[in-house]
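Hi there,

Here is the structure I promised to pass on. Have a look at it, and below I will walk you through what turned up.

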Amino acid sequence: MSRTIAILTGGGDCPGLNAVIRGVVRSAVLERRWRVVGIEDGFDGLVGDPRTRELTLESVRGILPRGGTILGTSNRGNPLSYPVEEGGKTRLVDISDQVVENFHKLGADALIAVGGDGTLKIARALQEKGIPMVGVPKTIDNDLRGTDVTFGYNTAVSIVTEALDRLHSTAESHHRAMVLEVMGRDAGWIALESGIAGSADAILIPEIPFDMGAVCQALDQRRQRGSKFSIVVVAEGAHPQDGDKVVQVSGVENLGVERLGGIGARVAERIGQCMRMETRVVVLGHVQRGGTPTHFDRILGSRFGVKAVELVEQERYGRMVSLQGRQVCDVDIVDAVDSLNRVDPDGDLVKTAEALGIMLGRARVS
Ligand code: F6P
């Protein structure tokens with residue numbers, strides 16, 4: 001049976017999105033002779049006059065190594081709470097009926113929504129309003145439940161690990177403490193795994209509120225053992241035991257989404273004071289999300305794209321593709337968006353880091 005499927009990418013961009021799009025188009029067109037319509041800029045592309053384009057084998061040629069998403073994305077276009085300007089003020093309104101109507105005008109049988117927590121929650125709500133939906137999990141933060149890992153995460157960890165290798169040589173030459181602030185608003189996976197791979201001396205993550213005194217003590221002990229430099233990785237969502245996350249732009253000013261940033265500078269300042277040593281801070285920011293995906297993310301994105309088309313063929317809507325162990329399978333979207341996948345402070349990865357002598361922000365009970 002011939003079908004038309006639509007695909008959109010929502011939320012922050014992420015290496016591997018193009019691999020998913022290509023996987024969807026190639027398996028839909030080559031194996032099934034289906035038609036694929038790309039929706040531009042996430043759910044925003046279904047607001048007002050729909051912005052869509054045909055996706056053919058030609059349009060996905062050469063995109064596998066490319067970062068970002070050829071369809072564009074938006075992390076502000078939540079149709080259930082959409083910002084509308086009125087009399088110089090921004091009001092949030094529910095325009096989901098318009099989005100559902102625009103989707104049906106495309107003549108598509110199903111929608112594949114590729115995104116993180118926010119996008120998949122919207123997908124779930126629109127599914128209930130009548131859009132047959134399949135979800136594909138994406139986020140460099142790896143904080144989505146229902147899958148062992150999301151694509152994009154591997155690339156981000158590789159980029160941060162390389163940055164740590166580079167910071168080591170300059171920190172050592174100048175006898176400095178270098179603090180690297182990385183992404184991870186609710187979950188510290190990027191900081192933790194890159195910190196272990198890049199041989200950091202301290203790693204501060206949102207799941208373990210840190211004790212600055214204990215961090216300084218650990219760095220001081222390291223100095224007494226003869227190491228004149230230190231490397232500290234801090235997730236943007238990390239915070240001290242007696243303080244809050246550092247917010248650059250509040251949710252009130254930014255359509256309900258807090259923009260984090262600045263904890264690295266605070267940690268560097270405190271280390272400078274307590275250790276009486278020169279410190280520098282590096283904020284890696286969106287470098288972690290840009291550029292070419294690793295082979296792992298290209299393959300995972302491709303597998304997810306192919307699996308999403310299979311789910312549409314079987315009309316198994318409301319499902320999200322997922323990696324469990326080495327197997328690509330599917331779960332209920334609800335299971336993925338119910339709660340976040342956060343680092344277990346007593347889990348194996350944290351224990352491994354501590355056994356390696358890395359300070360995780362808390363005094364160790366021996
Ligand atoms: O969710 C992925 C993420 O990279 C977070 O780690 C970070 O807080 C956020 O996106 C930044 O988003 P924006 O692109 O809006 O600055």
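A polar contact here is a pair of N or O atoms within 3.5 Å; within protein, one of the two must be able to donate a hydrogen and the other to accept it, and residues adjacent in sequence count only if both atoms are side-chain atoms. Please keep in mind that this is a predicted model, where local features need pLDDT of at least 70 and side-chain atom pairs count only at pLDDT 80 or more, while totals for chains, interfaces and linings use all residues. Residues are numbered from 1 along each chain as its sequence is written, and side-chain values use heavy atoms, with hydrogens and water left out.

Let's begin with the ligand. Asp141 has a polar side-chain atom 2.9 Å from a ligand oxygen atom. Arg289 also reaches the ligand, with an N or O atom of its side chain 2.8 Å from an oxygen atom there. Gly184 takes part through its backbone, where an N or O atom lies 3.4 Å from an oxygen atom of the ligand. On its own the ligand has 400 Å² of accessible area, and the protein covers 74% of this (areas come from the Shrake-Rupley method with a 1.4 Å probe).

Which residues surround the ligand? They are Asn75, Ile140, Asp141, Met183, Gly184, Arg185, Glu236, His286 and Arg289, where a residue is near a molecule if one of its heavy atoms lies within 4 Å of it. Sorted by class, this shell has two nonpolar, three polar and four charged residues. In that sorting, Ala, Val, Leu, Ile, Met, Phe, Trp, Tyr, Cys and Pro are nonpolar, Asp, Glu, Lys and Arg are charged, and the others, Gly among them, are polar.

Now for the sheets. Strands (E, at least two residues) and helices (H or I, at least four) are DSSP runs numbered from the N terminus, and two strands pair if DSSP finds at least two bridges between them.

Contact means heavy atoms within 4.5 Å; axes are lines fitted to C-alpha atoms, for helices over the stretch in contact, and angles run from 0 to 180 degrees between N-to-C directions.

Arg319 stands opposite Asp332 in E15, and Val134 stands opposite Arg319 in E14. E14 and E15 form a hairpin with two residues between them, and Gly325 in the turn has a positive phi of about 65°.

The other open sheet to look at has four strands in the order E9-E10-E8-E13, with parallel pairing. E9 and E10 (residues 230–235) pair over three bridges, with Val233 in E10 as the bridge partner of Ile203. Helix H5 (residues 189–197) lies across E8 (177–182), E9 and E10, running at about 170° to E9.

Enjoy exploring!

Best wishes
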